[in-house]
There are 2 protein chains.
Amino acid sequence: MSHVLALCGGVGGAKLALGLARTLPGEDLTIIVNTGDDFEHLGLSISPDIDTVLYTLAGLADPERGWGRADETWRFMESLRALGGEDWFQLGDLDLALHVERTRRLKAGETLSAVTAFFAARLGVAARIAPMSDDSVRTILRTSAGELAFQHYFVRARCAPRVDAIRFDGAATARMSPAFRNALARNDLGAIIVCPSNPYLSVDPILAVPGVREALNASAAPRIAICPIIGGESVKGPTAKLMQELGVSVEPASIAAHYRGLIDALVIDRTDAANAADVEREGATCVAAATLMRREDDKIALAHTVLEVARGLRARDVAA
Amino acid sequence: MSHVLALCGGVGGAKLALGLARTLPGEDLTIIVNTGDDFEHLGLSISPDIDTVLYTLAGLADPERGWGRADETWRFMESLRALGGEDWFQLGDLDLALHVERTRRLKAGETLSAVTAFFAARLGVAARIAPMSDDSVRTILRTSAGELAFQHYFVRARCAPRVDAIRFDGAATARMSPAFRNALARNDLGAIIVCPSNPYLSVDPILAVPGVREALNASAAPRIAICPIIGGESVKGPTAKLMQELGVSVEPASIAAHYRGLIDALVIDRTDAANAADVEREGATCVAAATLMRREDDKIALAHTVLEVARGLRARDVAA
């Protein structure tokens, strides 16, 4: 059996991560999560994308809201508001325990990798979930409203400011997490999957960690991305708006161009099948499939498709 | 109108503090609270006695439980337990906001005095509530179970270990809080009231701050304590058990002896009236009154009694 490495941001990526986790034995799956969105708020260390993946794979995520936990309550926030605290970032009562305990463990000297592995085990998640790095990387956006840390742009300003440029503070000196390095070094690595997360905000921070691009470039394993753009729009979040602001055409070929040299194949939605030739001109094999993941069945089906594409690419390599 | 300074620990003291707050205009009352029970837990700065006084005066305290907030919920604790966090100290969802916001403000450089004043104003409390000191003082008990920080003795070990000695780490270099110093220096100070808190665990830490004993000794204002022992038992908490372990007879005269030179009068319960002569032998005027505070009426009535005793002592001083 071969190992699968998935690179993942928050909500969109976590859907495919769930599909993969429902399809593969836990020991065959490593999910490397973006930490560029992490921030310190109210003295707490918050890792939104890691938490989304954790909650999703543990079956605790809120299916409607898209973030946080199901059956959440908000009494802490009510009380904080009454006491004059900052209330623009919603922290549910259940969710809060994760942040408090993570912050305590990090301050006691544990790495984010160790804390994440502990929580995953505690919540019964079999797949390996790890941050891209245990070092601090912070996504900063240069916008029409000035420089904004990621959560200030994403949550506080609701993605309204126009984005000119994105940088990842700390990335230049960050080291890949042990799980990331180990997965990339495996002889039995059968696929590297770039989940349908925002390429600019969720995947680029991962690619900015030194050595990641080189390792992807050099990997013998098939590398497959899933396009987060369907019919010229983002499935979720500000991907399309951001592409427009960055002067990029909102179509699958732009995603293929963005990942040029890093992926062998791009899975696009069936409704965009006409774009296949444009995608292939960017150097990626194009596969059209149902990529919209509404129900758990959709997530598992897409995971199967992606793993099938990987098998096909491996067979082609062997034949060549 | 003269100013009143009350020295106060947690629950028992807060009851009289409420009575005083219902009797006096806010600007005429300073309540100085023990911070020897303060501790750092889960990365949060917790001040249990200050919070009890704050919640009590704001009308938010839980009347049954004796600590924390009314209509509290415990979802954070449930979630923390599931994540393997320390769960011996109960933090309600509403209560937690106070600890998170206080910790944030302290880390940002505010003093505990400033944070406490901010919360009091925010919660509509007119009286001045202030810590005894903005410096760290920590009550440490030498017990049959080894050395225990206060909350470990009080909450985690439920006061079960036998206590040999009590010390207040940091007290020797602590400075009185500005509100404490200012109240003691007022020309119009009309009474210093030692609330019916545990003398050894709640009042002694206040007296251990350099300059406090001297200021009480030298004060022209009448100084009145309320006896926390009724009928040979503590009204609440481990006072009687502790007195036995420290080899002190569990009776009002022991309280008078403990405060000798620091108080002019001790208010004891009417049911202990036979002990009046023993109390007076310890150098304090003894006043018997109804000291058990069950309902708000009882608290206000005791406040009236204490203020009346103060007026009587002032009149005696003028006559002398």
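Colleague: Through which surface do the copies meet, and what percentage of the interface residues of chain A are also interface residues in chain B?

Modeller: This is a predicted model, in which local features need pLDDT of at least 70, side-chain atom pairs count only at pLDDT 80 or more, and totals for chains, interfaces and linings use all residues. Residues are numbered from 1 along each chain as its sequence is written, while chains are lettered from A and ligands numbered from 1 in the order in which they are written. Contact here requires C-beta atoms, placed from the backbone, to lie within 7 Å. The copies meet through the same surface, because the share of interface residues of chain A that are also interface residues in chain B is 100%.

Colleague: Which helix of chain A gives the most to the side that touches chain B?

Modeller: The contact takes 22 residues from chain A and 22 residues from chain B. At least two residues each come from helix 3 (75–82), helix 4 (93–107) and helix 5 (112–122) of chain A; helices (H or I, at least four residues) and strands (E, at least two) are DSSP runs numbered from the N terminus. With 10 residues, the most is given by helix 4 of chain A.

Colleague: Is Pro222(A) buried or exposed?

Modeller: Pro222(A) lies in the loop between helix 9 (212–218) and strand 10 (223–226) of chain A. Beyond its neighbours within four places in sequence, its contacts include Ala191(A), Asp264(A) and Leu313(A). A residue is buried with 20 or more other C-beta atoms within 10 Å of its own, exposed with 12 or fewer, and partly exposed in between, C-beta atoms being placed from the backbone. Pro222(A) has 24 such atoms within 10 Å, so Pro222(A) is buried.

Colleague: How many of the 6 residues of strand 9 (residues 189–194) of chain A are buried?

Modeller: Strand 9 pairs in the parallel sense with strand 1 (residues 3–8) of chain A over 5 bridges, pairing being at least two bridges found by DSSP. Strand 10 of chain A also runs parallel to strand 9, joined by 3 bridges. Strand 9 is largely enclosed by the rest of the structure, because the number of its residues that are buried is 5.

Key. Contact = placed C-beta atoms within 7 Å.
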